[in-house]
Amino acid sequence: MRYKIRMKVSEAQQAFFAARRPRKDSPHTTDAYRRDLAGITTLLVSELGRPADALDVTDLTGPALRAVFGVFADGHAKSSVLRAWSTWNQFLTFCVADGLLEGNPMGAVARPRTPALTPKPLRGEETPEQLLSAAAAGSRRARDPWPERDVLVIALGLVAGLRAAEMRALTGRSLVGRAGELRLHVKGKGSRDRSIPVQPVLAELIERYRESCRVRFPSARFSPGSPLLLDRAGEPIGRGALEYLVKSCYRGAGLHDRVPAGANLHALRHTFATRLAEDGATASEIMALLGHASLATSQNYIEATGREQRAAAASNRTYRALDSLG
C-alpha cells in the first residue's frame with residue numbers, strides 16, 4: 001500500500017487546522033476540535049505503545065481507533081463520544097483528501113446514534129412574560145442591579161432567538177433599518193450570518209440599555225463597533241457571566257422550576273422557536289430566523305408543537321366519555 005505523502009499525526013493535525021482557516025471557525029469550535037484530537041491521540045499513544053511524536057498517520061488503522069474509542073466511551077457521555085467521532089471523521093477525511101491515507105478508517109468505529117432534538121422551552125404559558133416583568137422590576141439579586149441589561153438579554157432570547165455567542169457578538173451596528181423595518185444582523189453559528197426582523201420596542205430596549213451604559217461608565221467611549229453587552233466593569237460580557245445572569249433572573253423571578261434540565265439561556269431560544277411553531281410559522285421560516293443549518297432541526301419544533309398532533313389527541317373518543325361525566 002503506497003501513499004503520496006508520509007506524515008506524523010501531529011503534523012497532519014496542524015495541516016488540518018490550517019486547511020480549516022478559510023471556514024472561519026469560532027474559537028470555541030476550534031478548541032473543541034483540539035481537545036477531541038488530543039484526547040484520542042493520548043489514548044492511541046497508550047494503545048500502540050509509542051510516543052505521540054512517533055505516531056504516523058498510517059498508524060491510524062480501524063482496529064486501533066476502534067480500541068481507543070471503546071476506552072474513550074467508557075468514561076464519557078454519548079454526546080462527547082459523538083462529538084469526538086465527528087471530529088476524527090473530519091480529520092481523517094482530510095487525510096484521505098490530502099493523500100495521506102487511502103481510506104477513512106472511521107468506518108470501522110461504531111458511531112453513537114444522534115439523539116433526536118427535543119425542544120426545551122420554558123414551561124408555563126405565561127412564564128416568558130412573568131420573567132420579563134420580574135427582570136424589569138429588578139428582581140434579580142445582585143450587588144449591582146442592572147435591570148436594563150437583564151431585560152435586554154432575556155428579550156434577545158425570547159423575541160430574536162439568539163444564542164449566547166450571538167448575543168456576545170452584537171455591536172452598536174447590529175440593529176439597522178428605519179422605523180417599521182428594523183432588523184437585527186446576527187453573526188451566527190458556523191459563520192452563518194442572518195438578519196432578524198424586530199419591532200420598535202426592541203430598539204427602545206436597546207436604547208434604554210445604552211443610556212444606562214453611558215450613566216454607569218461616563219468616561220467610556222462607545223463606538224458603533226463596540227460590543228453591545230457589557231459586564232459590571234464595562235468590559236464585554238463573558239460566556240459564563242451571561243449564563244449566570246439568565247440563571248439568576250430565573251431564580252429572582254421564582255421561575256427556576258420552569259426551566260427544563262440542561263437548558264438555561266438556550267431555553268429562551270427554544271421558547272422563541274416553539275412559539276413561532278405554535279403560531280403557524282413554517283419550518284423554512286423557523287430555519288431562517290434561528291439560523292439552523294438543517295431544515296430537519298427546524299421541523300422538530302413543528303412536530304413537537306404542531307396543531308395536527310393536538311387535533312389528533314383531541315379526537316380521542318375517551319374525551320367524549322370524560323365530557324359526559326360533567
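A: Let's start with a cut-off: a residue counts as buried when its relative accessible area is under 20%. Keep in mind that this is a predicted model.

Q: Why is C213 called buried?
A: The relative accessible area of C213 is 4%. The limit is under 20%, so C213 goes down as buried.

Q: What makes C95 buried or exposed?
A: C95 has a relative accessible area of 0%, so it is buried by that cut-off.

Q: How do you know that the length of α6 agrees with a helix?
A: Helix α6 runs over residues 147-158, which makes 12 residues. At 1.5 Å a residue it should span 16 Å, and its end C-alpha atoms are 16 Å apart, so the two agree.

Q: Why is α6 called largely enclosed by the rest of the structure?
A: Because 10 of its 12 residues are buried. Among them are R149, D150, V151 and L152, and the run carries on through to L158.

Q: What covers those buried residues of α6?
A: The cover includes helices α5 (127-136), α7 (164-168), α8 (200-216), α9 (239-252) and α10 (265-278), plus strand β2 (183-187).

Q: How many helices and strands are there in the chain, and what share of its residues counts as buried?
A: You get 14 helices and three strands. Of the 326 residues, 39% count as buried.

Notes: Residues are numbered from 1 along each chain as its sequence is written. This is a predicted model: local features need pLDDT of at least 70, side-chain atom pairs count only at pLDDT 80 or more; totals for chains, interfaces and linings use all residues. Side-chain values use heavy atoms; hydrogens and water are left out. Helices (H or I, at least four residues) and strands (E, at least two) are DSSP runs, numbered from the N terminus. The expected span of a helix is 1.5 Å times one less than its number of residues. Buried means under 20% relative accessible area, exposed over 50%, partly exposed in between (1.4 Å probe, protein chains only). Contact means heavy atoms within 4.5 Å.
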